[in-house]
Amino acid sequence: MAPPTIRRSGHSRKAQFSAFTGYLIAALGAAIGALLLVLSLWRPESFATLRSEATDVVAPAGRVSGATRSDSLTIVDMVAGYFHAGSQNARLKREADEARIRLREAEAVEAENRHLKALLGLRETEVKPVAFARLIGSTSASTRRLAYLSAGSGDGVKPGMPVRGPMGLVGRVLETGDSASRVLLITDGASMVPVRRTKDDVVAFAEGRADGTLHIRLINLGVNPIRKGDVFVTSGTGGLYRPGIPVALVDTITSDGAIALPLSNPGTTIYVAVEPVWVPQAEAVIAAEPAEQAE
Amino acid sequence: MIGENAPPPPGSRFGRTINRDHLPILAQGLPLATILIGSLAPLLPIVAAGPVVPPFGFMTLLAWRIVRPGLLPLWIGLPLGAFDDLFSGQPFGCAMMLWSLAMLALEAIEARFPWRGFWQDWAAASALLAAYLGISALVAGAGFEPRYLTLIVPQLLLSILLFPIIARMVAMFDRIRLYRVRVVD
């Protein structure tokens, strides 16, 4: 293709000036972008208001497309499903049988639990979710793992609140608009959830790896006690998440912990519940944070 | 009688020429609209486990710049990048900087190799996409690990393979853009 002649400014002063101004503004644009980037890396909350308002404006469109989302599969699963249908069927049947047995066991344990609690005089406090909402999209082109939620401060959602699906913890609310908010998924590189193993009190941090898995980082180093198939639940440390929400299933053992798969895959979770921050003291700290930043 | 069987008037692929002209909103606004819609890709109903969806906004910008040099002003990366930053999940300013730099880089490539072809355009776009995704992962703001660069490889390959298709779509939009719909009295 021949070069476009339109770019030759020739002897026209005006054309020369406008070409020059174009370069100048483009270079300035890059510089402004770099400055804002440094600012938002330094203070990640700087542009939260702008982002939430923009999300509010476009969220209705996302809500419509979110409604059409098929309720069980991600894209990759959908394609892979065709190849694994037979073996998967056999495996699922076997797993269903196992699950039925486990269910009976769990019922027994639950009954025993209730009995022991009654002995202790403890009362199970039921956590009432703040809102039920739908995940309407995610930052699927970026290495950050944030999702958009179809509920905002108008529904009582506040930053810091845990978001959970039917299978387990999904993430926590990061920024809220009026009718939509952004959720930091537990698989994001900046997310860190205090967890413990279900069967004993091995405590750890579940850190996101940005590729859909979690890194279980043990707090007490030494002999690695984690085995494949262990399930980790929130420990309640830090006060954000109430204890006992399922988080992850261990897949591979590493030298300092394990790589785990999140139990609640956000790709297959449509409806989520936003729960209140567990410990009110933590809520006070979160509420104080923006005020400190404003100073 | 002749009029019924006569072929359409020659000389234009863009509809009737007599008494018709381009619509300024369409001619100037369609490129911007397609890029803005590309930037809204995070609102697609895909909650992905990793970075898998190509950066549609950036790819559409590159395609318009390559298909129609000189149509978008050189500084357009700044406002369009700001819009993209609102939804992409990257820290604010990332796309503003990278899109502006990409416009400058394409200008430099075009000045250096004026006689362009399909392969050169694809190579230039691929190089820019690789740089864009790489730097985006670097400054994503969640603590960079070298592992993140292997994480974007599938996304990068998909973007590179998809680029000629996006460029084709942009060429189609370009024909719509120049369709003569305004009636001149």
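Residues are numbered from 1 along each chain as its sequence is written, while chains are lettered from A and ligands numbered from 1 in the order in which they are written. In this predicted model, local features need pLDDT of at least 70 and side-chain atom pairs count only at pLDDT 80 or more, whereas totals for chains, interfaces and linings use all residues.

Chain A contains four helices and twelve strands; helices (H or I, at least four residues) and strands (E, at least two) are DSSP runs, numbered from the N terminus. Of its 295 residues, 35% count as buried, a residue being buried if 20 or more other C-beta atoms lie within 10 Å of its own, exposed if 12 or fewer, and partly exposed in between, with C-beta atoms placed from the backbone. Among the contacts in chain A with a separation of 6 or more, 58% join residues 24 or more positions apart; two residues are in contact if their C-beta atoms, placed from the backbone, lie within 7 Å.

Strands of a sheet pair through backbone hydrogen bonds, either parallel or antiparallel. In chain A, six strands close into a barrel in the order β6-β7-β8-β11-β10-β9, with antiparallel pairing; two strands pair if DSSP finds at least two bridges between them. On average, neighbouring strands of this sheet are turned by 40° against each other, direction ignored. Within chain A, strand β7 (residues 203-208) and strand β8 (residues 214-218) are joined in the antiparallel sense by five bridges. A:Ala206 stands opposite A:Ile216 of β8(A).

Attention now turns to the helices of chain B. Helix α5 (residues 94-112) of chain B packs against helix α6 (residues 118-138) of chain B at an angle of about 155°, with the axes 11 Å apart. Axes are lines fitted to C-alpha atoms, for helices over the stretch in contact, and angles run from 0 to 180 degrees between N-to-C directions. That angle makes α5(B) roughly antiparallel to α6(B), since angles under 35 degrees count as roughly parallel, over 145 as roughly antiparallel, 65 to 115 as roughly perpendicular and the rest as oblique. The residues of this contact comprise ten nonpolar, one polar and no charged; Ala, Val, Leu, Ile, Met, Phe, Trp, Tyr, Cys and Pro count as nonpolar, Asp, Glu, Lys and Arg as charged, and the others, Gly among them, as polar.

A second pair in chain B consists of helix α3 (residues 56-67) and helix α8 (residues 153-177), which pack at an angle of about 55° with their axes 9 Å apart. This makes α3(B) oblique to α8(B). By class, their contact has ten nonpolar, two polar and one charged residues.

Helix α4(B) is mostly covered, with ten of its twelve residues buried. The buried residues include B:Asp84, B:Asp85 and B:Phe87. Just after α4(B), B:Gly89 takes a positive phi of about 95°.

Finally, the two chains meet in a contact that takes 53 residues from chain B and 59 residues from chain A. On the side of chain B that touches chain A, α4 (77-88), α5, α6 and α7 (147-151) each supply at least two residues. The largest share of that side, seven residues, comes from α5(B). By class, the side of chain B has 39 nonpolar, 13 polar and one charged residues.
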